[in-house]
Amino acid sequence: QTFQLTESKEFQEFCQAQSFWLEDYGLFMALKEANNGLSWSQWDAAVARREPEALALWRYKLADDIFLQKFLQFEFCRQWFALKSYANERHIQIIGDMPIYVAHDSADVWAFPENFMIDPETLQPSQMAGVPPDYFSETGQLWGNPTYNWEVLEATQFDWWLKRIKTSLAYVDQIRIDHFRGFESYWAVPLGEETAVNGKWIEAPGDKLFETIKKQLGTLPVLAEDLGTITPEVEALRDKFEFPGMKVLQFAFGGDAGNPYLPFNVQENNCVIYTGTHDNDTTV
């Protein structure tokens, strides 16, 4: 039955329509399993650096494993879209969370290293993402994700980002972009640092990015995670594209009547109110 399903027209059409990410993802996951879960930067150099002959050889060797990965994605999508239709028919929209960065050990970074700040010798991030020291942490937060090579992305008319947004919008109705401020400027930490202290702010082309996406897709169903210390420049970027910001109910009841999270103070704003975030206890 599984064989019949995967040989079906529906499966073939799925593989064809999603080939721009599915081919690399299927091979990446199969290779990761064949390498006992090691990060791609620790694989055989020819495969890590995507030499065509090596990739062709492993596509042949791991054909069954790649097929399984594609089948799992097909099956997940089939079930997910049935659930999404069920929700949408009942006037329920689904919000999907999109982290601004992706993991270094991911199909995206392995397949498109030119889009990220990757050291050509070690294949490690040459510039890591994070946030500077603040009230919550004396040493800041060092996330370790590679930052984007925005020059390359801009030269390709943000093709990778366009595909990412388009694909996400097939799965969800609204996208909440985490760490939105990173589209205006981002904290970049050099390779080798163990904390986020010795980083620097670098300007990002968020305005050009969202203009490009808007031209392609029209109105963007995006929610901006704009919590924390936000500059006027970040607010201007958010407001230019009319993205709703976030307000958190659990932040509201401390301080005085001027607390920006009090429901009374946000009623005129373009925002979405959350009860709490992943850093809060549950509201109950």
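Student: What makes the Asp159 and Lys163 side chains a salt bridge?

Tutor: Their N and O atoms are 2.6 Å apart. The rule wants a side-chain nitrogen of Lys or Arg within 4 Å of a carboxyl oxygen of Asp or Glu, so the pair qualifies. Both residues lie in helix H9 (residues 159-171), four residues apart, or about one turn of the helix.

Student: What should I keep in mind about where these values come from?

Tutor: This is a predicted model, so local features need pLDDT of at least 70 and side-chain atom pairs count only at pLDDT 80 or more, while totals for chains, interfaces and linings use all residues. Residues are numbered from 1 along each chain as its sequence is written, and side-chain values use heavy atoms, with hydrogens and water left out.

Student: Why is Asp159 called partly exposed?

Tutor: Buried means under 20% relative accessible area, exposed means over 50%, and partly exposed is in between (1.4 Å probe, protein chains only). Asp159 comes out at 35%, so it lands in the middle class. Lys163, at 33%, is partly exposed too.

Student: How do you know that Asp97 and Arg176 form a salt bridge?

Tutor: Their closest N and O atoms are 2.5 Å apart, and that passes the cut-off. Asp97 lies in strand E1 and Arg176 in strand E4, so the pair ties together parts that are 79 residues apart in sequence. As for the labels, helices (H or I, at least four residues) and strands (E, at least two) are DSSP runs numbered from the N terminus.

Student: Is Asp97 buried or exposed, and what about Arg176?

Tutor: Asp97 has a relative accessible area of 53%, so it's exposed. Arg176 has 10%, so it counts as buried.

Student: What ties helix H11 (residues 232-240) to helix H10 (residues 206-217)?

Tutor: The side chains of Lys240 and Asp207 meet in a salt bridge, 2.9 Å from N to O. Lys240 lies in H11 and Asp207 in H10, so that bridge links parts 33 residues apart in sequence. Lys240 is partly exposed at 42%, and Asp207 is partly exposed at 33%. Elsewhere, salt bridges that share partners join Asp97, Arg176 and Asp178 into one network. The structure holds 15 salt bridges.

Student: How many aromatic pairs does a search of the whole structure find?

Tutor: There are 30. Rings of Phe, Tyr and Trp (its six-membered ring) pair if their centres lie within 6.5 Å; planes under 30 degrees apart are stacked, over 60 edge-to-face, and the rest tilted.

Student: Why are the rings of Tyr101 and Tyr148 called a pair, and which kind is it?

Tutor: The centres are 5.6 Å apart and the planes are at 25°, so this pair is stacked. Both Tyr101 and Tyr148 are buried.

Student: What makes the charged end of Arg90 count as over the ring of Tyr86?

Tutor: The charged end of Arg90 is 3.6 Å from the ring centre. The rule asks for NZ of Lys or CZ of Arg within 6 Å of the centre and within 35 degrees of the ring normal. Lys61 also sits over a ring, that of Trp58, with its charged end 4.5 Å from the centre.

Student: Why is Ala252 called buried?

Tutor: Its relative accessible area is 2%, so it counts as buried. Leaving aside neighbours within four places in sequence, Ala252 is in contact (heavy atoms within 4.5 Å) with Asn259, Tyr261, Leu262 and Pro263.
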